[in-house]
Amino acid sequence: MKIWQRIALGAALTATVGGLTTAGAMANGKSSGSRPDGLAAAAASHWNGSAKVAANKRVVKAFMQDVLNEHNGAHATRYLTKDMQWHGGTVGTVAGRDNVTGLMTTVVTSIPDLHTEVKDIFGQGDEVVVRLVVTGTQKGPLLGIPASGRKVQWDAIDLYKLRDGKISEEWASEDFTAFLNDTGTYKAPWIQ
């Protein structure tokens with residue numbers, strides 16, 4: 001082993017042992033003296049941030065399960081801030097908890113067997129992103145489309161912003177072309 005490799009290995013081992021000493025001291029609530037107090041604050045901030053993200057993910061999952069999968073549109077008020085805004089791209093923006101609750105009620109009434117299957121969920125800070133597949137049967141009018149009685153399925157990627165444990169905004173990126181195709185409303189030229 002060359003001298004520079006021994007020095008690098010020694011530095012790596014020192015950093016690892018020093019990191020373990022600091023982590024152990026922080027777990028015991030004591031300063032190790034080998035690291036600045038800023039490291040302990042950064043570690044505490046990280047763990048608090050991770051706990052907040054986990055809590056936010058739980059809120060979003062509970063919202064999707066209760067409101068969408070269990071078809072309780074009126075329960076949306078439990079999960080939304082009063083000034084909630086739902087952003088639906090070309091569908092528009094729906095503002096206010098009561099209006100968004102009305103939208104959710106319309107969706108689960110129009111597609112009474114609606115089911116969301118979460119494919120991915122992750123978060124950072126106050127935001128949670130969910131990639132999902134939505135399935136069901138359109139039995140009532142939705143987005144100006146009369147009841148078709150047909151099975152529908154579309155992909156979605158939704159970003160939720162949370163404040164004080166409630167959803168304050170949602171950006172819904174739904175594949176409405178798939179919905180239009182499945183209801184027989186519109187067939188895009190690229191769909192076979």
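The points below go through fold, strand pairing, backbone angles, aromatic pairs and confidence.

The model is predicted, so local features are reported only at pLDDT of at least 70 and side-chain atom pairs only at pLDDT 80 or more, whereas totals for chains, interfaces and linings use all residues. Residues are numbered from 1 along each chain as its sequence is written, and side-chain values use heavy atoms, with hydrogens and water left out. The protein has four helices and six strands, in the order α-α-β-β-α-β-β-β-β-α along the sequence. Helices (H or I, at least four residues) and strands (E, at least two) are DSSP runs, numbered from the N terminus.

**Overall figures**

- Of the 192 residues, 33% are buried; buried means under 20% relative accessible area, exposed over 50%, and partly exposed in between (1.4 Å probe, protein chains only).
- The accessible surface is about 11200 Å², and carbon and sulfur atoms account for 57% of that surface; areas come from the Shrake-Rupley method with a 1.4 Å probe, and for residues only the protein chains shown count as cover.
- Among contacts (heavy atoms within 4.5 Å) between residues at least 6 apart in sequence, 50% join residues at least 24 apart.

**Strand pairing around β4**

- Strand β4 (residues 127–137) is largely enclosed by the rest of the structure, because eight of its eleven residues are buried.
- Strand β3 (residues 115–124) runs antiparallel to β4, joined to it by nine bridges; two strands pair if DSSP finds at least two bridges between them.
- In this pairing, Ile121 stands opposite Val130 of β4.
- β3 and β4 form a hairpin with two residues between them, and Gly125 in the turn has a positive phi of about 60 degrees.
- β4 is also joined to strand β5 (residues 151–163), in antiparallel fashion, by eleven bridges.
- Here Thr137 stands opposite Lys151 of β5.

- Most residues other than glycine have a negative phi.
- Leu143 is not a glycine, yet has a positive phi of about 55 degrees.
- Leu143 lies in the loop between β4 and β5 and counts as partly exposed because its relative accessibility is 45%.
- Asp164, also a residue other than glycine, has a positive phi near 55 degrees.
- Asp164 sits in the loop between β5 and β6 (166–174) and counts as exposed because its relative accessibility is 77%.

**Aromatic pairs**

- The structure holds three aromatic pairs; rings of Phe, Tyr and Trp (its six-membered ring) pair if their centres lie within 6.5 Å, with planes under 30 degrees apart counted as stacked, over 60 as edge-to-face and the rest as tilted.
- Phe63 and Tyr79 form an edge-to-face pair, 5.8 Å centre to centre with 75 degrees between the planes.
- Phe63 is in helix α2 (residues 37–69) and Tyr79 in the loop between α2 and β1 (80–87), 16 residues apart; both are buried.
- Trp154 and Phe179 form an edge-to-face pair, 5.4 Å centre to centre with 85 degrees between the planes.
- Trp154 belongs to strand β5 and Phe179 to helix α4 (residues 176–182), 25 residues apart; Trp154 and Phe179 are buried.
- Ring pairs link Phe63, Tyr79 and Tyr160 into a cluster.

**Confidence**

- Mean pLDDT is 85, and 75% of the residues reach 70 or more; pLDDT is the predictor's confidence in each residue, from 0 to 100.
- Over residues 15–28 pLDDT stays under 50, and the model has 15 contacts beyond four places in sequence for them.
- Over residues 30–34 pLDDT also stays under 50, with eight such contacts beyond four places in sequence.
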